[in-house]
Amino acid sequence: MMIELNKLEIKVPNIFSWDEILVYLNREPNEVMYKINDKTLRRAFKLEEKIYLCDISFNERKNVIEVTLLNDVHWSQIEQTMVINFIVEWFDLQTDINSFYELAKEDLILNPLMNKFYGLRLVGMPDFYEAITWGILGQQINLQFAYTLKRRFTEKFGEKVTYEELDYWIYPEAKRIAETTIEDLLELKLTLRKVIFLSFEDAKTIEKEMIKIRGIGPWIANYVLMRCFRKNEAFPMADIGLLNGIKVIENLSEKPDTTKMLALKEDWGGWASYATFYIWRLLY
């Protein structure tokens, strides 16, 4: 890690592909949290009540991620470190995935995925509120409409910085949503059930309320464990995308049953989340 006045450098692990990360991040044109231009990722961060707009790119010669501050604000070393920590967490740069690749070499499902998407890291959501609400927004609807809801939600309740006539958004804060009305949220075309969940600020309350509804708790819990808390054993085994991916890879006539999925969970153990992420990647 190197820090200059307006530029940061973050060393990446040996198994790393910026191109694969960008393909994943670029899978949905309606994404509201960042913009991609060629091989540069632009995203805004809110730190200590200020918004910092950054270009994030990969310097292959130096084998580092470069982060350049664009807007005219001063950032302290503490704030620079916070941005670095977010990116390290976002792209899972601290996880040694050599063991996952060793597992994949001997696994009929994972081996072709390892070769096809070599260097892909499990792209996460470091912000817990974004992760939990994204799970709620995307529950039981197609991915495209989920991104539409996320954009509506963010543009109505989030903050933005404008740079070169384009808007860059900060995800809504839990406190802001807790203070809004059900009617405001319903205007976004959310279901009443989703609105009720989004209205809770406290994470423990959200979890407690979620698990009261049959079928919603385990999927969202495992999704958040995967993408926010980095629990590599997390395995949303009833996920439709995961089931369809395995069906395609193994050329099955039907989706795998619970017995099959439990066996895969056992086989993949502490790498179940990475296995899931690579299978999802196949479908994009």
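Predicted model: local features only at pLDDT ≥ 70, side-chain atom pairs only at ≥ 80, totals over all residues.
Local features need pLDDT of at least 70, side-chain atom pairs count only at pLDDT 80 or more, and totals for chains, interfaces and linings use all residues. Residues are numbered from 1 along each chain as its sequence is written, and side-chain values use heavy atoms, with hydrogens and water left out.

Stop 1: Select residues 40-47, strand S4. Strands here are DSSP E runs of at least two residues, and helices are H or I runs of at least four, numbered from the N terminus. Six of the eight residues of S4 are buried, meaning under 20% relative accessible area with a 1.4 Å probe, protein chains only.

Find Lys35 opposite Arg42. In the two-residue link of this hairpin, Asp38 has a positive phi near 60°.

Lys46 faces Ile51 across the pair. Two residues separate these strands, and Glu48 in the turn has a positive phi of about 50°.

**Stop 2: helix H4.** Select residues 110-116 and pick out Asn115. Asn115 is exposed (over 50%), at 52% relative accessibility. Its side chain reaches the backbone oxygen of Asn111 at 3.2 Å. Show Lys105 too: its C-alpha lies 9.1 Å from that of Asn115, 10 residues away in sequence.

**Stop 3: helix H11.** Select residues 217-227. Eight of the 11 residues are buried, so H11 is largely enclosed by the rest of the structure. Among them are Trp219, Tyr223 and Arg227.

Key. Polar contact = N/O pair within 3.5 Å; in protein donor to acceptor, adjacent residues only side chain to side chain. Pairing = 2+ DSSP bridges.
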